[in-house]
Amino acid sequence: MAFEDLLEDPVVQKYLHELVGPKGMPVAAAPPDGEVTDEELAEELDLELNDVRRALFILYENDLASYRRLRDEDSGWLTYLWTFEYDNIPENLEEEMYRLHDALEERQEYERNHEFYLCEICSIRFEFGEAMDYGFECPECGSPVESMDNDRLINAMHDRIEALEDELNIEKTDAEA
């Protein structure tokens, strides 16, 4: 996928926004060609230098930017020259999808193996042991808590897990098929 096309993809935009947040998004969304200093970026984008540096280091931590240091021979000051490496975005997104898949499987198992109670007034959910500790009354409002059917939640997780498995070409186990 071409660099410009990659940045126009809403999934990629959302991913970058989740990484760097709203203050860092101008840095992530308009990477220059070649090397650039953090000061140049801050001036060009009219942003606070600390916001630019924060975004750059987050991108660096996620293998989406790299830098090289130059030392000024007269002053001894270090200058960081940044390069954006967005070729890694598809691989990073795939890793995120695997993490999401694993987390959903773990959460689905938790939902299947626990009984829940709900305060319909406060919308607070309790595990059976917690509900029993509170005498099946909400500690916030004193209303009785009712047994909660979480089948819709479990089924929604199952559907999302299947969609991820299809997208990632993960073999389904006998229990899931």
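Which residue in E5 is the bridge partner of Phe116? The bridge partner of Phe116 in E5 is Met148. This is a predicted model, in which local features need pLDDT of at least 70 and side-chain atom pairs count only at pLDDT 80 or more, while totals for chains, interfaces and linings use all residues. Residues are numbered from 1 along each chain as its sequence is written, and side-chain values use heavy atoms, with hydrogens and water left out.

**The sheet**
- Three strands form an open sheet in the order E4-E3-E5, with antiparallel pairing (strands are DSSP runs of E, at least two residues, numbered from the N terminus; two strands pair if DSSP finds at least two bridges between them).
- Strand E4 (124-127) and strand E5 (146-148) are the edge strands, each pairing on one side only.
- From one strand to the next, the twist averages 40° (axes are lines fitted to C-alpha atoms, and angles run from 0 to 180 degrees between N-to-C directions).
- Strand E3 (residues 116-119) is joined to E5 in the antiparallel sense by 3 bridges.

**Helix H4**
- The buried residues of H4 are Val52, Ala55, Leu56, Ile58 and Leu59 (buried means under 20% relative accessible area, exposed over 50%, with a 1.4 Å probe and protein chains only; helices are DSSP runs of H or I, at least four residues).
- These residues lie on the same side of H4 because they cover an arc of only 160° around the axis (the arc of the directions from the helix axis to the C-beta atoms).
- Exposed Asn50 and Glu61 are carried on the face of H4 turned away from its buried side.
- Just after H4, Asp63 adopts a positive phi of about 60°.
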